[in-house]
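Visitor: I'd like to learn how to read a few features of a protein model. Could you walk me through them, one at a time?

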Amino acid sequence: MFSAVFFFLSSLENSVKLGFLLESGVMAAWKKVIRREDWEKKLNDVRIRKEDMNKLVMNFLVTEGYVDAAEKFRIESGAEQIDLATITDRMAVKKAVQCGNVEDAIEKVNDLNPEILDTNPQLFFHLQQQRLIELIRNGKVEEALEFAQEELAPWGEENQSFLAELERTVALLAFEDVSNCPVRDLLDISQRLKTANEVNAAILTSQSHEKDPKLPNLLKMLLWAQDQLDEKAAYPRINDLSTAMLEDPPI
């Protein structure tokens, strides 16, 4: 599958240089049909180091927090030693936010590295905003109002963006039936996930890791490259990323 990515990108570069011509010189207005055996030969000619593949997989496992899988893969592949404790601690923070235990998450972040929240006011505000959302979710109206006034209002006075987010959150209190509330999406689990992912990214950055795994972007690049090549040639393409099997084009 990854050989396909590199080959597709290489083909795109060549097609741009030739200006609407395929590598063979066929005009772009005509689709060239590439046989499976020829296509597979081109893919097999692309060489990718096993070490690079291992790093790509490990990057995904570490970034997404798959501790057990990362350790097993490290042993089987002979990859570099990784600090499993940092992954476990990071996932504990993420899980706390996902479960609505924001205060616990904040304590865990500060235990990991107090500078994360000290140097990232937007993240800290979003965590406090999530605390307010959880209070509203649990029907603690008076406590929610007090928390908004004492902890979040000062942030809104200094930052218009924060003020807009605070006003949007407090609007939840104006509706007895939140199903009719225009900002009911704040109570969706997706909002917790959004905040959890923001915290996760900040911790990764503080640990000098990339905040997003490379693999999903590589797969998106593969799909984009195939879409571009579809305009110029009929070739065996990958339609199911889960299997990465080549499928012959309709002729």
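Guide: Let's start with charge pairs. Side chains of opposite charge can pair when their charged atoms come close. In this predicted model, the side chains of Asp185 and Arg168 form a salt bridge, at 2.9 Å from N to O. The two residues sit 17 residues apart: Arg168 is in helix 10, and Asp185 is in the loop between helix 10 (160-170) and helix 11 (189-206).

Visitor: How many salt bridges does a search of the whole structure find?

Guide: It finds 15. Take Glu103 and Arg131, whose side chains meet in a salt bridge at 3.3 Å, N to O. Glu103 lies in helix 6 (residues 102-112) and Arg131 in helix 8, so this pair ties together parts of the chain that are 28 residues apart in sequence. Glu103 is exposed, with 51% relative accessible area, while Arg131 is partly exposed, with 22%.

Visitor: And what separates Asp45 and Lys41 in helix 2?

Guide: About one helical turn, because they are four residues apart in helix 2 (residues 36-45). Asp45 and Lys41 form a salt bridge, with their closest N and O atoms 3.5 Å apart. Lys41 counts as exposed, at 52% relative accessibility, and Asp45 is partly exposed, at 48%.

Visitor: Which residues are linked in a network of salt bridges?

Guide: Arg35, Glu37 and Asp38 are linked that way.

Visitor: What about charges that gather in a patch on the surface?

Guide: Look at Glu142, Glu143, Glu146, Glu150 and Glu151, which make up a patch of negative charge on the surface. Residues in such a patch take part in no salt bridge. One member, Glu142, is located in helix 9. Glu142 is exposed, with a relative accessible area of 70%.

Visitor: Okay, on to aromatics. How do I read a pair of rings?

Guide: A pair of aromatic rings is described by two things, the distance of the centres and the angle of the planes. The structure holds six aromatic pairs. In one of them, Phe124 and Trp155, the ring centres are 5.6 Å apart and the planes are at 45°, so the pair is tilted. For the reasoning, planes under 30 degrees apart would count as stacked and over 60 as edge-to-face, so an angle in between gives a tilted pair.

Visitor: Where in the chain are Phe124 and Trp155?

Guide: In distant parts of the chain, which the pair links. Phe124 is in helix 8 (residues 121-137) and Trp155 is in helix 9 (residues 141-158), 31 residues apart. Phe124 is partly exposed, at 23% relative accessible area, and Trp155 is partly exposed too, at 22%.

Visitor: Which residues form one aromatic cluster?

Guide: Phe124 and Trp155 turn up again there, together with Phe125 and Phe162.

Visitor: Now the backbone. Which residues have a positive phi although they are not glycine?

Guide: I can show you two. Ser208 has a positive phi of about 65°. Ala244 belongs to the loop between strand 3 (237-238) and strand 4 (246-247). Ala244 counts as partly exposed, at 23% relative accessibility.

Visitor: Last one. How far apart are Val102 and Thr195 in sequence and in space?

Guide: They are 93 residues apart in sequence, and their C-alpha atoms are 9.8 Å apart in space. Val102 is in helix 6.

Visitor: Is Val102 buried or exposed?

Guide: Buried, with a relative accessible area of 3%.

Notes:
Residues numbered from 1 in each chain as written. Predicted model: local features only at pLDDT ≥ 70, side-chain atom pairs only at ≥ 80, totals over all residues. Heavy atoms only, no water. Phe/Tyr/Trp six-rings, centres within 6.5 Å; stacked < 30°, edge-to-face > 60°. Buried < 20%, exposed > 50% of the residue type's maximum accessible area, 1.4 Å probe, protein only. Patch = residues over 30% accessible without salt bridge, like charges linked within 9 Å, V, L, I, M, F, W, Y side chains within 5 Å. Areas by Shrake-Rupley, 256 points an atom, 1.4 Å probe, with all protein chains shown as cover. Salt bridge = Lys/Arg side-chain N within 4 Å of Asp/Glu carboxyl O. Lys, Arg positive; Asp, Glu negative; His and termini not counted. Charge placed at Lys NZ, Arg CZ, Asp CG, Glu CD.
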